[in-house]
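Subject: Structure handover

Hello,

I am passing on the structure we spoke about. My notes follow below it.

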Amino acid sequence: MTQHTAVRRAVLLVGAALLGFHFLVASLSQAPLSPIKLRYYDNITNYLHPYFTQNWMLFAPEPLTDDRGILARARCEDGSVTSYYDVTTPTIKSTQESRFFPPRTARLISSTLQQLTQSDPVLNRIRETEKEKKSPVLPLLPIEKTSRDEATRFLARFSMMQMPQACAGVAESIQVRIYYHEMPPWSQRNKPITGGKVSATDLEWLKTENLR
């Protein structure tokens, strides 16, 4: 075996090992809740987020039924608060303008919003059952709290980077607002008066010094 052949085989083995590791982690992230998933949840999230996060909401049985994005505003050192800045729309526009090599910034937002609201299906069913029985609802597990805290911080940090002009570049804190635009039913898609319902959720203010 020549040295060139040996190097080539070693490269192929390393590549196969890395690819196998990636698919193993991705599969574990989609597996039902288990002791192994609980133990390695933070490691899995850190590896997959934001570029490899799995999102199956496009497909049945639960296709997307709303359009969601984020706005952000800043509080200045003098106590004044800026107007809301549309963080999502520019990222979508940049993606649409570059079809062959689109940037992934829009996905950074969508995948983080998914992380902010998703829970394990088993836990969701348990909570829904408890609500129907009017029993105390199971509180968020530590891994759920950690995941949502990380998502909140990321959205605030990303928004801060997209609005450097806020407070002349010295914003004291950032607040993110998530908006939800519920799409009208398919049967009403051609009716111009049907706009769909819009709602919003405000996240907590976060100091910029803790986001850098």
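Helices here are DSSP runs of H or I with at least four residues, and strands are runs of E with at least two, both numbered from the N terminus. Please keep in mind that this is a predicted model.

Overall fold

By that count the protein chain has 7 helices and 5 strands. Read from the N terminus, the order of elements is α-α-α-β-β-α-α-α-α-β-β-β. The C-alpha trace spans about 70 × 50 × 40 Å along its principal axes. The radius of gyration of the protein chain is 21 Å, whereas a compact globule of 212 residues would have one near 17 Å. Of the 212 residues, 28% are buried. The protein chain exposes about 14600 Å², and 60% of that area is supplied by carbon and sulfur atoms. Among contacts with a separation of 6 or more, 65% are between residues 24 or more positions apart.

In soluble globular proteins, nonpolar side chains tend to be buried together. The largest nonpolar core in this model has 26 residues, and the members that touch the most others are I70, A74, L155, I174 and I178. Two or more residues each come from β1 (66-75), α5, α7 and β3 (173-182). Helix α7 gives the largest share of this core, with 6 residues.

I70 is worth a look on the screen. Leaving out residues up to four places away in sequence, its contacts include L155, I178, I109, L113 and V176.

E144

E144 sits in helix α7, which covers residues 142-162. Is E144 buried or exposed? Its relative accessibility is 7%, and the cut-off for buried is under 20%, so E144 counts as buried. Beyond residues up to four places away in sequence, E144 touches S119, L123, R127 and P139. With R127 there is also a polar contact, side chain to side chain, at 2.7 Å. R68 is 76 residues from E144 in sequence, and the two C-alpha atoms are 21 Å apart.

Helix α3

Helix α3 (residues 41-48) has Y41, I44, T45 and L48 as buried residues. Viewed down the axis of α3, these buried residues fall within an arc of 95°, so they line one face of the helix. The face turned away from that buried side carries N43 and N46, which are exposed. What do the buried residues of α3 pack against? Their partners are α1 (3-30), α2 (35-39), α5 (105-117) and α7.

Two loop residues with positive phi

K134 lies in the loop between α6 (121-132) and α7. Its phi is near 55°, a positive value in a residue other than glycine. K134 counts as exposed because its relative accessibility is 78%, the cut-off for exposed being over 50%.

A168 is found in the loop between α7 and β3. A168 is not a glycine, yet its phi is positive, at about 55°. This residue is exposed too, with a relative accessible area of 73%.

Regards

Definitions and conventions:
Residues numbered from 1 in each chain as written. Predicted model: local features only at pLDDT ≥ 70, side-chain atom pairs only at ≥ 80, totals over all residues. Heavy atoms only, no water. Buried < 20%, exposed > 50% of the residue type's maximum accessible area, 1.4 Å probe, protein only. Contact = heavy atoms within 4.5 Å. Polar contact = N/O pair within 3.5 Å; in protein donor to acceptor, adjacent residues only side chain to side chain. Arc of directions from axis to C-beta. Core = buried A, V, L, I, M, F, W, Y, C linked by side-chain atoms within 4.5 Å. Rg over C-alpha atoms; globule rule 2.2 N^0.38 Å. Areas by Shrake-Rupley, 256 points an atom, 1.4 Å probe, with all protein chains shown as cover.
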